[in-house]
Amino acid sequence: MQYIATRNSGAADVLFITNAEKPQPKSDEVLIRVHAAGINRPDILQRQGLYPAPADASLILGLEVAGEIADIGKDVTDWKIGDKVCALVNGGGYAEYAVAPAAQCLPIPTNFSFVQAAALPETFFTVWHNLFQRAQLKSGEILLVHGGTSGIGTTAIQLAIAFGVKVFATAGSQEKCKAIESLGALAINYREQDFVAEVKAQTQGQGVNVILDMVGGDYIQRNFSAAAKDGRIVNIAFLNGSKTELDLMPVMLKRLTLTGSTLRAQLPPIKAGIAQELKQHVWPLLDNQKIKPIIDSVFSFSDAAKAHERMESSQHIGKIILDLNL
C-alpha cells in the first residue's frame with residue numbers, strides 16, 4: 001500500500017508518499033480500505049516531533065478515516081467485509097489501508113460521502129467525551145466555545161444546540177464570526193471584544209455553565225471570570241501555552257470544576273463507550289441531517305503537505321480532509 005511518511009521532524013514539506021506492506025488486523029480489529037482521512041492538530045504536532053505516537057500505535061500519521069472494511073479479525077462479530085464505516089484509529093490514517101479497533105468503528109451516516117464521514121470521528125468523539133461525559137452539559141445551560149470555527153468548535157456548537165444548549169463561541173475575524181452565527185451560536189470576535197465582558201453582559205452577569213477551551217495561556221484565568229457558579233471548564237489543547245500564573249480563589253468561591261483530557265491516550269474501553277453513546281444519541285441526528293460536519297477544504301493524497309499548511313495557517317473553518325480518490 002501507499003502511505004504518507006515524514007523524512008524527519010519539521011515543516012510540512014517533510015511529508016512524502018512511499019510504500020509499505022498492508023497492516024494486518026488483530027483479533028479485535030478490522031482492516032479498512034481508506035477512501036478519505038481527516039487532518040487534525042495532533043498530526044501537525046506529531047510531524048513536528050512534539051507529540052510522539054503511543055508505543056502501541058502506528059507511526060503513520062492520521063487519527064480518523066472513512067472507507068470499506070477489507071478484512072476482519074477472528075473475534076469481530078459486529079462488522080463484515082464490505083461494510084462502509086468511519087473509524088477513530090490509533091494512528092495510520094494517512095494510508096490506503098488502516099487498522100482500527102472494531103469497537104471504534106461507526107456506520108457511515110445516511111447519504112454521507114466518504115469525505116464527510118472522515119470528518120466525524122476525531123471531533124465527535126472529542127466533543128462528546130469532554131462536553132457531555134466529563135462536563136455533563138445539559139439542556140438549558142449556556143456553553144462558551146473557544147476556537148469556534150475549528151473542527152472541534154463547529155462540532156461542539158452544533159451538538160450543543162441540538163441538545164438545547166445556548167452557545168457563545170469566539171473567533172478572530174468577521175468571516176469566522178459569520179460562520180459561527182450561521183450555526184446558531186452567538187459570536188464573539190476576540191480581537192475586538194473581551195469575551196468575559198460579552199458573556200457577562202449577555203447572561204445578566206451570571207456567566208456560562210460550561211467552557212470548552214483549546215487556547216489555554218491567559219484564557220485560563222479569564223475563563224474563571226466568565227464561568228457561572230458551579231461552572232465546568234474543560235481544556236483540550238493549549239495553543240497559547242499550558243503554563244501560566246493563576247489566582248485559584250475563583251475556583252473556590254464559585255465552586256468551579258477545571259478538567260481536561262486527550263483522546264488518543266484514552267483506554268480502548270473508554271473509546272468504545274464513547275462510540276456506543278455516539279451511535280445511540282448522535283448518529284440519528286446525522287442520519288436525519290439535523291447536524292453535519294463543516295468541511296473547509298479537501299486535498300488529494302499527494303497534497304498532504306498543502307493540507308497541513310492549511311491547518312497551520314489557522315484560516316480554516318471546519319474540517320480539512322484528504323480524499324484518496326482524487
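What share of the contacts in the chain with a separation of 6 or more comes from residues 24 or more positions apart? I looked this up and found 68%, with contact meaning heavy atoms within 4.5 Å.

**Ground rules.** I note that this is a predicted model, where local features need pLDDT of at least 70 and side-chain atom pairs count only at pLDDT 80 or more, while totals for chains, interfaces and linings use all residues. Residues are numbered from 1 along each chain as its sequence is written, and side-chain values use heavy atoms, with hydrogens and water left out.

**Overall build.** I find 11 helices and 15 strands in the chain; these are DSSP runs numbered from the N terminus, helices being H or I of at least four residues and strands E of at least two. The radius of gyration is 20 Å, close to the 20 Å from the globule rule for 326 residues, so the chain is as compact as a globular protein of that length. That radius is taken over C-alpha atoms, and the rule is 2.2 Å times the number of residues to the power 0.38. Along its principal axes, the C-alpha trace spans about 60 × 40 × 35 Å.

**Burial.** I see that 55% of the 326 residues count as buried, meaning under 20% relative accessible area with a 1.4 Å probe and protein chains only.

**Cores.** I looked next at the nonpolar cores, which are sets of buried Ala, Val, Leu, Ile, Met, Phe, Trp, Tyr and Cys residues joined through side-chain atoms within 4.5 Å. The largest has 52 residues, and Leu-131, Leu-143, Leu-278 and Val-282 have the most contacts inside it. Helix α3 (residues 121–134) gives the largest share of this core, 6 residues. A second, separate core holds 37 residues, among them Leu-31, Ile-44, Leu-61 and Ile-69. In soluble globular proteins, nonpolar side chains tend to be buried together.

**Leu-278.** Leaving aside residues up to four places away in sequence, I find Leu-278 touching Leu-106, Phe-124, Phe-125, Trp-128 and Trp-283.

**Ala-272.** I place Ala-272 in helix α9 (residues 268–281). Ala-272 is buried, at a relative accessible area of 19%.

**Thr-155.** Is Thr-155 buried or exposed? Thr-155 is buried, with a relative accessible area of 4%. I find Thr-155 in helix α4 (residues 151–162). Not counting residues up to four places away in sequence, Thr-155 touches Thr-123, Phe-124 and Val-127.

Definitions and conventions
Buried means under 20% relative accessible area, exposed over 50%, partly exposed in between (1.4 Å probe, protein chains only).
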